[in-house]
Amino acid sequence: NSYWLPCASDIKWFNYKNHWETYRIPKFDIGFFGSKMGLNRADILKEISKETELTTDIREVGRSWKVRWPRTAEAMCNCEILFNRGQKHDINQRIFESMLCLRPLITDFDKRSGIDQLFKPYKHFLPYITEWGNEKEQIMENIDWCDNNPEESGQMYSLAYNEVKEKHQIKNRVEQILSICLT
């Protein structure tokens with residue numbers, strides 16, 4: 001048998017409430033937080049930023065010899081919108097972390113990743129589809145939608161927050177592993 005245990009996060013480290021002052025008055029319009037070899041995934045966001053004058057925070061989160069938590073969560077809470085792009089057709093941990101930071105998430109929608117098994121586009125996150133070839137336009141439309149629809153955007157990221165809080169924390173994965181091992 002095989003079982004799928006996707007990434008998860010922990011509300012102890014990724015919770016907007018722990019960074020309330022930063023969350024309340026964010027300095028950046030949109031942010032991307034990636035790994036050392038993955039910052040090029042935000043190149044399209046850099047282009048959009050230059051064209052629109054959006055303020056961005058794009059940086060590596062896992063530098064050597066530095067504690068990743070809670071610095072990453074605080075940086076994420078300092079952005080009004082969070083951006084993600086998977087590296088290997090995977091559903092990466094940044095999706096779960098972004099949702100726990102109670103911010104709108106714009107992420108690539110790759111059915112190979114399994115994201116559609118856990119979250120629904122436009123209900124939990126704003127998708128862009130790289131295969132369509134117009135991802136910049138899709139991302140810009142999603143940013144505009146967040147700006148122009150704060151109430152609907154708030155409902156979306158609240159649903160995402162609750163979904164991750166209830167079903168996609170480390171404790172949930174441990175429970176799944178124990179359930180499998182003990183049956």
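Me: Is arginine 94 buried or exposed?
Reply: Arginine 94 counts as buried because its relative accessibility is 12%; buried means under 20% relative accessible area, exposed over 50%, and partly exposed in between, with a 1.4 Å probe and protein chains only. This is a predicted model, in which local features need pLDDT of at least 70 and side-chain atom pairs count only at pLDDT 80 or more, while totals for chains, interfaces and linings use all residues. Residues are numbered from 1 along each chain as its sequence is written, and side-chain values use heavy atoms, with hydrogens and water left out.

Me: Which helix holds arginine 94?
Reply: Arginine 94 is in helix α4, residues 93-100. Helices (H or I, at least four residues) and strands (E, at least two) are DSSP runs, numbered from the N terminus.

Me: What is arginine 94 in contact with, leaving aside neighbours within four places in sequence?
Reply: With those neighbours left aside, arginine 94 is in contact with Phe33, Gly34, Val61, Met76 and Asn84; contact means heavy atoms within 4.5 Å. Asparagine 84 is ten residues from arginine 94 in sequence, and their C-alpha atoms are 7.1 Å apart in space.

Me: Turning to α2, which residues are buried there?
Reply: In α2, residues 43-52, the buried ones are Ile44, Leu45, Ile48 and Ser49. They lie on the same side of α2, because they cover an arc of only 140 degrees around the axis; the arc is that of the directions from the helix axis to the C-beta atoms.

Me: And what do the buried residues of α2 pack against?
Reply: They pack against β1 (28-34), β2 (56-60), β3 (79-84) and α6 (135-148).

Me: Which residue follows α2?
Reply: Glutamate 53 follows α2, and its phi is positive, near 65 degrees.

Me: New topic: which residues make the nonpolar surface patch?
Reply: Ile170, Val174, Leu178 and Leu182 make a nonpolar patch of about 380 Å². Areas come from the Shrake-Rupley method with a 1.4 Å probe, and for residues only the protein chains shown count as cover.

Me: Where does valine 174 lie?
Reply: Valine 174 lies in helix α8, residues 170-181, and counts as partly exposed because its relative accessibility is 41%.

Me: Finally, how many helices and strands does the protein have?
Reply: The protein has eight helices and five strands.

Note on methods: Patches are made of residues with over 30% relative accessible area and no salt bridge: like charges are joined within 9 Å, nonpolar side chains (Val, Leu, Ile, Met, Phe, Trp, Tyr) within 5 Å. A salt bridge is a side-chain nitrogen of Lys or Arg within 4 Å of a carboxyl oxygen of Asp or Glu.
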